[in-house]
Protein chains: 2
Amino acid sequence: MATPPTPLSPLPAPADLAADDGAPVCGNADDWESLSAAESGAWHGFLQAHAEIQVELEHELQAAHQLSFSDYFALLALERAPAGRLRMHDLAKPVRLTRSGLTRLVERLERVGLIERTPCEDDARGTEARITEQGRALVHAASATHLAGVRRRFLERFSPAELAVLAEQFGRLTA
Amino acid sequence: MATPPTPLSPLPAPADLAADDGAPVCGNADDWESLSAAESGAWHGFLQAHAEIQVELEHELQAAHQLSFSDYFALLALERAPAGRLRMHDLAKPVRLTRSGLTRLVERLERVGLIERTPCEDDARGTEARITEQGRALVHAASATHLAGVRRRFLERFSPAELAVLAEQFGRLTA
DNA sequence: CACAAGTGCTTGCGCACGCAACTGTTATCC
DNA sequence: GGATAACAGTTGCGTGCGCAAGCACTTGTG
C-alpha cells in the first residue's frame, strides 16, 4: 500500500522516452502478455491452487478441532521434537512466524493447556515450549483430519511418479 | 485456535480401544510417517516453495512501489478490465478478498489516488472502481518488478516442457 | 573484572483481514 | 402492487501478525 514516503506513482512521466505513437504507452504496457501459455498457466495455477487448498484445509481444521494452521504446525513441530520440547527460536522456523508472532501463539496455546512454557535450564534467556498430553492428543486427531485433506486435495491427484518429480521440482524453488 | 465451543481436546480418551502396549498411543501416532518420500516431499515442497516465494516477491513489490499483493492484484485486475472499471463484486474474486476486505482496500487505493469510486449507473446498489492514470502508471511499473521476480524465483527454474506439464497439473488441483 | 556487543524473548503499536450484522436496492411471487 | 427474498456494499468488532523498541541475560574483549 502506498505509505508515507511515496504515496503516489514515483514515475518520471507518462511517456518521456519513446514518442507516444498511440499504441501501448511504453514497452511494459502489459508485461504479462509476454508470458507463454505454459508460463502463465504454471504460475497462476501455482498461486490459485495454493490459495484454494490453503483456505479449504484451514477451514476444515478449524471446524474440526478449532485449530489454525499456525496452531497446528506449532503443535506438530513440538510433538515431533525430542521430549516434546523446543526453544522458541527453533519453533519459529517450522511455524513460519516471526518471534513476536510466535510469542503470542505460544501464549494462546499455553492458555488453553495444549503446551507449557518453562525457562530454559542452561540459558536463562531462553524459554522452552513443551507439548502437554492434551496437546499430543489434539495434534494426533488434527493430523488425521489434515492428512485426509491433503490426500484428497493434493496427493490423490497425482501418480506416484508425478509426485516424485514434483518433489524434486519444488525443491528447486526453495533456496 | 481453541475457541468457545471446545477449548480443549474433544477426544474420547488417551487410549480406549486398543490396549496401550507402550508403543504409539494409537494408530495415528504420527500419520505423516505413512507418507512416501515423494508424497511428503511434494506436499511440503509445495508449501515451502509458496511461502518463500510469496514473502520474497511481496517484500520486493513493497520496497519498490509501496504496494502489497492485494493492492497490486486489484490494480492489475482493473488495468485489464474494459475501460479500467470493475464492480466491487467482480473485483473481489481476482483479488481473493472478501467483500469487506475489498471495501477497505479500495478505500485505501482511492485515498492515494490510484483508483476512483463511482456509483454504478444501471444498478443503484453497485459501486464501480476505476483505475486512474496514476494507477495505470504504477501498475505498469510494478508489473515489471513483479514479473522479473516471478521469472527469477519460478519460471527460470523450469524448462518450457516442464512448465506446460506443471500448468496442467496445477489445473487439476483447482476444482 | 568491568563494559560493550550480541542474543532470546516480549511488548507497544499499527494494520489488513474475516465474520456477522446492517442499509439500501433490485428481483420474485402471489 | 405490495410483501418477501436475494443481492451489493459498508461498518463494528475481534484477531493474528509484523516491525521496531525494550528488557534480560550471555559472551567476547581489554
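**How chain B meets chain A**

Tutor: In this predicted model, the rule finds two salt bridges across the interface of chain B and chain A.

Student: What makes the pair Glu162(B) and Arg172(A) a salt bridge?

Tutor: Their closest N and O atoms are 2.7 Å apart. The cut-off for a side-chain nitrogen of Arg and a carboxyl oxygen of Glu is 4 Å, so the pair qualifies.

Student: Which helices of chain B supply at least two residues each to the side that touches chain A?

Tutor: Those are α1, α2 (69-80), α4 (99-111), α5 (133-153) and α6 of chain B. The largest share, 17 residues, comes from α1(B).

Student: How do you know what kinds of residues make up that side of chain B?

Tutor: Sorting them gives 43 nonpolar, 20 polar and 14 charged residues. In this sorting Leu and Phe count as nonpolar, while Glu counts as charged.

Student: How many residues are in contact, and what area is buried between the chains?

Tutor: 77 residues of chain B are in contact with 77 residues of chain A. About 7,000 Å² is buried between them, and carbon and sulfur atoms give 65% of that area.

Notes:
Residues numbered from 1 in each chain as written. Chains lettered and ligands numbered in written order. Predicted model: local features only at pLDDT ≥ 70, side-chain atom pairs only at ≥ 80, totals over all residues. Heavy atoms only, no water. Contact = heavy atoms within 4.5 Å. Buried area = accessible area lost by both parts, 1.4 Å probe. Helix = DSSP H or I, 4+ residues; strand = E, 2+ residues; numbered from the N terminus.
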